[in-house]
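Hi,

Here is the structure I promised to pass on. Please have a look, and then read my notes below.

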Amino acid sequence: MSAIVAIVGRPNVGKSTFFNRLIQRREAIVDAVSGVTRDRHYGKSDWNGKEFSVIDTGGYVVGSDDVFEKEIDRQVELAIEEADAIIFMVDIETGVTGMDEDVAKLLRRVKKPVFLAVNKVDNAKRAEDAVEFYSLGLGEYYTLSSINGGGTGDLLDALVEELPDVVEEKSELPRFAVVGRPNAGKSSFINALIGEERYIVTDIAGTTRDSIDTKYNRYGFEFNLVDTAGIRRKSKVKEDLEFYSVMRSVRAIEHCDVCILMLDATRGFDGQVENIFWLAQRNHKGIVILVNKWDLVEDKETNTIKHYTQRIKKAIEPFTDVPILFVSVLTKQRIFKAIETAVEVYNNRNRKIITRKFNEVMLPIIENYPPPAYKGKFVKIKFCTQLPTPYPQFAFFCNLPQYVREPYKRYLENKIREEFDFSGVPITVFMRKK
């Protein structure tokens, strides 16, 4: 689990460019047109060893300036409620606007850390002009350029100092979060499991507005089920309640042990589902993929499931060791198998391998295929162990850890998966100085 940082501000100040820089991927579409559609708007980042989730809150309200001003006020209020820290981004090119002042008025009342980021400052003259932003009443500001990264380090240094030190909470019962896009069948899945109409189920996407816990104790399994509001594309999130639901869903992912990622078989494993998958993976959560509404897929043939599975695994490479089940919540087809699989993944995530056994298995493998020489340097791995962390992480001790490249780390991960059952669980491999 990690802290949540929300980036707020009016359109076209550079929030998405800054967001892309933080998560080190080009995930948010960047365009000079304000309010441009952005497919993905939350991700994982880290700075100085501290991880946090980032949410880009802008650009999805379409309408007149008056409508937008009303909506952005509500949007910022919701971000304030859920986030641990807020980055308020403004633009040196346009200076202080009335919309900036409205947002600042909201932010001055909050008890959480607020960082005023003046963007597009790429020369000394612009840095001098930034003093006008003192008028917003938020104290110190940070000048930066999202597009080339200048000044972002100072902002992030200050940000991580204020973020809470969050440790993984181990509850008495495992927590399984049912996540996915709206109308994928998440609430129906939980209703089918517990045998009662606990949740409102309609054909209207986004019926569930919050994350709800249900204790499940049947057939020898006991855990908490979390039904999250559907996570949908930013361009579709036009209601403030839906935006709130997205943030709560992200929080639910971070608080759970296993994510049951449910998708609609008729829509496929699209970009938004893939984004939820990677958010769970980067949070080191166990993952089970459920392809729901399989009974609605027409023209099924002998190899249909095989081909569908291959498409999903292609999308989630290189982390392909994930259970994929084809279910129908309506007919209750394989839904209890889904729970059995989630329990297995939970056990895999908590699996501890004793150091002696781990060395007995891995050292001969490494001896048969050692790390390739790099710049004339030969790496010798002499010892390995599983680290005492809440999820599987392994350290390999060698003479020159800096010369071990990513492909060899993936090779080690694949061998660990072959020898030990870590299906559905992300694995991290570290090289350490002997």
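What follows covers a helix pair and a few backbone details.

This is a predicted model, where local features need pLDDT of at least 70, side-chain atom pairs count only at pLDDT 80 or more, and totals for chains, interfaces and linings use all residues. Residues are numbered from 1 along each chain as its sequence is written, and side-chain values use heavy atoms, with hydrogens and water left out.

Let me start with the helices (DSSP runs of H or I, at least four residues; strands are runs of E, at least two; both numbered from the N terminus). Helix α6 (residues 186–194) packs against helix α10 (residues 335–349) at about 95°, and their axes are 10 Å apart. The axes are lines fitted to C-alpha atoms over the stretch in contact, with angles from 0 to 180 degrees between N-to-C directions. That makes α6 roughly perpendicular to α10 (65 to 115 degrees).

On the α6 side, Phe189, Ala192 and Leu193 make the contact, and they meet Ile335, Phe336, Ala338 and Ile339 of α10 (heavy atoms within 4.5 Å).

Now the backbone. Most residues other than glycine have a negative phi, and most peptide bonds are trans. The bond from Glu317 to Pro318, however, is cis, with omega near 5°; Pro318 sits in the loop between α9 (304–315) and β12 (324–326).

Two non-glycine residues have positive phi: His284, near 60°, and Lys293, near 65°. His284 belongs to the loop between α8 (271–282) and β11 (286–292) and is buried, at 12% relative accessible area (buried is under 20%, with a 1.4 Å probe and protein chains only). Lys293 is in the loop between β11 and α9.

Best wishes

Technical notes
Parallel < 35°, antiparallel > 145°, perpendicular 65-115°, else oblique. Buried < 20%, exposed > 50% of the residue type's maximum accessible area, 1.4 Å probe, protein only.
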